[in-house]
Amino acid sequence: MADLELKKITVTHKRVVAIKDASLRAQEGEIVGFIGADGAGKSSLMHAVAGVASFEGEVVFKGRTFRSPKEAEPLKPLIGLMPQGIGLVLYKNLTVDEHLTFFTKIRNIPESPSLREYRQRLLEMAGLSPFTDRPAGKLSGGMKQKLSLICTLIHRPKLLILDEPTTGVDPLSRLELWDILDEIRKSEGTIALVSTAYMEEAAKMDRVYLFDSGEIIASGTASELLEKVAEYSYEPTPCTTRRCITTMDYTYSIDPLDAPRKTPTLEALFFINALREGQQIPHIEISDRENKIAVPPVVMEAKGLTKRFGDFVADDHIDMQLRGGEILGLLGANGAGKTTFIKMLLGLYPIDEGELTLLGKPIKSAKERRELKASIGYVSQQFSLYKDMTVRENLHYFASMHALDIGKAQERISRYAKELGFEKYMDELPSDLPLGINQRFSVAAALLHEPVVLFLDEPTSGVDAIARSQFWQMITLLKKKWGISILITTHYMSEAEYCDRIVLLKEGKKVADDSVENLYKKFPKAKSFEEIFLHYYEDRI
Amino acid sequence: MKIFLALITKELIGFFRSWGLVAVVLYSFTLDIYIAGAGIEMQAKNISVGYVDETGGGMSQKILSRLHMPEFQKPVMFNSREALSRSIYNRETMVGIIFESDFEKNLQKYKRAEINLLLDSISATQSFQALQYLQNILLEYADLKYPVKLKIHKLFNPNATTSQFMAMAEMLSVITLLGVILTAAVFVREKENGTWEIMLLTPVNPKLIILAKSFSQVIIVMAGVVMATGIVLFGAFDVPINGSLFAFFLLSFFYAFTSAGIGLFVAAVSKSMLQVAQLSILIMMPLIFLSGAWTPIHAMHPLLQDLSLISPLRYYIEGSESIFFRGTSFVDLWSYFAGVILLGSVLYFYGFRKIGRLF
């Protein structure tokens, strides 16, 4: 008998089904992974199992069954839940030590030598023992997550539920989080349910469940799953049949193709599932821009750009150059200073120190900026669109803000809608649409005035695999057809692959700035960008 | 101009799509004003009366028979003074009358007699109005040597109903409050949704954005004013219009900009809609108190009277009152227009500068 069994769990929020008929089994000491995009139903299922949300179906844990949060109450001392979001369970004015004491007390654990020993072990595993006096607010993102994890572990839960513990965390801390988890499940026999947005982490899980729009589409060990899709994965080749799709680095086809096979990643499962279901995956296209421009050789040059918030230095003397027609990837964990940097470039934050030259003009006053606004396109982190206006209304609004002629705007809008594949969503409200559609139409809004440079802040965060691949196709096409420069931030280290040049930020400092080829040359042993960046984090601690 | 129109259209679409906001505006401009007019009653009405009659009838019953609807309920008899006191204590009776046993005798013999009157004066206005009624009734029984009677000519508001004035004052307060909150909301909603930055990055002159956004809310407020005037003031309360309706709408238009100016200031310092609500109430309350909407200005402390000169609502209320009830001609309204426009431009300019600094 399984130690944990979920039977046909369905969670609905306001008549919208978040997850449907999810079943799974797990044994003591297993790590069960949930992989999928935002809104795929991972969190909803986790909340149901943790006994904090109502659901249909039943959960059997340690021989006891519950069907509602109320029935789960007696089992709560055995369950530990760490919700999504960095440092969400922490209090920024309490120190590391006070946190552990607080979580011990609210769990009503009596003081004992074995508790003290366990507590010390947790601190050491998390590498936090030198920082017990430091307030949580002054810890880095990775340290915060480690502290959250050991706080969740203090009552020795037998069922650990971690909702995206590694999202936005630097690669080294991510490895450390997995190490803690591995040790705990071995020594305590804990079942861990872990969700993640990073496919690479699947290798560390005993069993993987893939989530796609409210359903579990596949499950098994990582290697089992990869085996299943290996026969459909090819080196990129043009598609000839309908049940075929080509992404940045693969071609997936259900019908046999005359092309060399390529070892897939778990992402392949999402594409093949979509192909099997006969989903229409729109083909991304970009036609030439209407107004030809000469892109200057250096689009943006920052010298010693610095931003402080009180004592905290968000960006510390950063030099950066964005050349004409290149895709520059600004990488780093959450809190590394990526967004702050972009906001300084855009003039949304005043620059505390340093010089900035945009499109050959040194920027000093707000007035100089306004003249440049017409050449810049920007997509912010939350795809800021007006939620009470339809896609069409939004686009028309932005077009008139850029004083585009109505006829021309109309034509451009319908062309972008067709090329970027959101034509059929034109009269819907953004809040009713999948994140991937919102992402593409935000980019369309930023392209209406045909800018020379495009700033994109975390455009792929939380977006599903298919939409992400389409997004990168769109970006590369834009570079090719329009020749414009694109600065893009991301915390997915693997996306570095698609950029021309990479700048890596770590806690407000620039630690790497090189082209993709050079980085590969520098670290010939590294298998992926993940590993390359790991060097930068290990080196300078 | 095209951009200006696009901005306004966008705000209006946004307004009509948010049902909650539309409902609040509709409620405020109709039911809320109606309730204020119909519900706040200053006159004595439906007052409960209890009495103890130890005389055995006669004069006492004659007096009691004069207490009738709508001012008084039918007097209820109590057997003892204690029972009457208890009833007043329990808020069942508001006015208690005690005719002592020698009342009839004193009246006949000495032509002088006393009635004991117990008043629940918690709702002071109502109980003193009741007292006044009783005195008037007794006056008719008193045998005066030199009877002088008042012949009253009620001007401007012949029925002396308070509901008309209350409804109008409430409408003006609603205009103030909504003008502030709606204007602040269009900016703060952008801050909350994260569209603020996108707005900053459009190559449009910030001045134009601020002007268009606040103007769009002035349009909504003006639509509300027209609706409230037609449906509630004229429809439900038969408020007379002795002056020019156009003058009133023009004055309202200037005033709407005044409250939009306060709204701009609120928007500049608030980060969320909750802060907007709190701050608006905080700013609005003194403005409304000082305006004379609830207390006549001449009854205020002299210092407050001086302060009321800087409440733009004061000029607006006095101006509107003159238009509706007094029928003051357009030319003679200049002082009210001057007050509203002067204070309005100061407030609007200040708010404009304040929010402009965020761009």
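Author: The centres of domain 1 and domain 2 of chain B, taken over C-alpha atoms, are 48 Å apart. Domain 1 of chain B covers 2–40 + 160–356, and domain 2 covers 49–141. These bounds come from an automatic or database domain assignment.

A word on the ground rules. This is a predicted model, where local features need pLDDT of at least 70, side-chain atom pairs count only at pLDDT 80 or more, and totals for chains, interfaces and linings use all residues. Residues are numbered from 1 along each chain as its sequence is written, while chains are lettered from A and ligands numbered from 1 in the order in which they are written.

Now the overall form. Chain B has 15 helices and 4 strands. Helices (H or I, at least four residues) and strands (E, at least two) are DSSP runs, numbered from the N terminus. The radius of gyration of chain B, taken over C-alpha atoms, is 27 Å.

Next, the inside. Of the 359 residues in chain B, 40% are buried. A residue is buried if 20 or more other C-beta atoms lie within 10 Å of its own, exposed if 12 or fewer, and partly exposed in between; the C-beta atoms are placed from the backbone. Contacts tell another part of the story. Two residues are in contact if their C-beta atoms, placed from the backbone, lie within 7 Å. Take the contacts in chain B between residues at least 6 apart in sequence: 81% of them join residues at least 24 apart.

Last, the neighbour. In chain B, 18 residues are in contact with 19 residues of chain A. On the chain B side, α1 (2–17) and α9 (196–201) each supply at least two residues. The largest share comes from α1(B), with 7 residues. By class, the chain B side that touches chain A has 8 nonpolar, 6 polar and 4 charged residues. Here Ala, Val, Leu, Ile, Met, Phe, Trp, Tyr, Cys and Pro count as nonpolar, Asp, Glu, Lys and Arg as charged, and the others, Gly among them, as polar.

Note on methods. The radius of gyration is taken over C-alpha atoms; the globule rule is 2.2 Å times the number of residues to the power 0.38.
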